[in-house]
Amino acid sequence: MSADTHARDEFTALVERHRKIVFKVANTYCWSADDRADLAQDILAQLWRAYPGYDRGRPFATWMYRIALNVAISWVRSSGRRQRLTVPLDAEQHDAASPPDAAADERVQALYQVIHALDPLSRALLLLYLDEHSYRDIAAILGITETNVATKIGRLKQRIKQDIGHLA
């Protein structure tokens, strides 16, 4: 087996094991199915290009999140091809469970609106926090200090309470 074949097989196995990361990131940064598919392909292509530089002494999932979020943030910021949408997310389209009542539905929609109004870095931070990563992991993935992570998460929590707290 050639070195290229071995690297490709190893990469494929690692990506398959952690593929949910790509979908979480694409769902967080895109509204339409076409955009999600395009972003997912961009993420996978960048992961493959960057794979030769992957340090096997570090967790693959952390490295993958960092690449995926950097691609997504660049994708959102790129040359005006992305529009800021103000339409609420369709819960079925995003695999969310149907809320039990109208008040819960209103809170969920308000939360989605708050999330999609965030700047790309804050959205990444919230995604990682909600995915239960430690502050240390979040700091490593985003390339910021743990103190900065704690401060930003505290501010995000406060903003969410202010923006949707009146619906509780």
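T62 is found in helix α4. In this predicted model, T62 has a relative accessible area of 19%, and because residues under 20% count as buried, T62 is classed as buried. Leaving aside residues up to four places away in sequence, T62 touches A140 and I141.

The chain that holds this residue has a secondary structure of eight helices and zero strands. Read from the N terminus on, the order of elements is α-α-α-α-α-α-α-α. Of the 168 residues in the protein chain, 38% are buried. The accessible surface comes to about 10100 Å², and carbon and sulfur atoms account for 51% of that area. Among contacts between residues at least 6 apart in sequence, 68% join residues at least 24 apart.

Helix α4, which spans residues 60–77, packs against helix α6, residues 120–130. The angle between the two helices is about 145°, and their axes lie 10 Å apart. The crossing in which α4 passes α6 is right-handed. On the α4 side, the contact is made by Y65, L69, I73, V76 and R77. The α6 side contributes P120, L121, A124, L127 and L128. By residue class, the contact of α4 with α6 consists of nine nonpolar residues and one charged residue, with no polar residue.

E132 is found in the loop between α6 and α7, the latter comprising residues 135–142. Phi of E132 is near 65°, which is a positive value in a residue other than glycine. The relative accessibility of E132 is 72%, so this residue counts as exposed, the cut-off for that class being over 50%.

How values were computed:
Residues are numbered from 1 along each chain as its sequence is written. This is a predicted model: local features need pLDDT of at least 70, side-chain atom pairs count only at pLDDT 80 or more; totals for chains, interfaces and linings use all residues. Side-chain values use heavy atoms; hydrogens and water are left out. Axes are lines fitted to C-alpha atoms, for helices over the stretch in contact, and angles run from 0 to 180 degrees between N-to-C directions. Helices (H or I, at least four residues) and strands (E, at least two) are DSSP runs, numbered from the N terminus. A crossing is left-handed if the near helix is turned anticlockwise from the far one by less than a right angle, and right-handed if clockwise. Contact means heavy atoms within 4.5 Å. Ala, Val, Leu, Ile, Met, Phe, Trp, Tyr, Cys and Pro count as nonpolar, Asp, Glu, Lys and Arg as charged, and the others, Gly among them, as polar. Buried means under 20% relative accessible area, exposed over 50%, partly exposed in between (1.4 Å probe, protein chains only). Accessible areas come from the Shrake-Rupley method with a 1.4 Å probe; for residues, only the protein chains shown count as cover.
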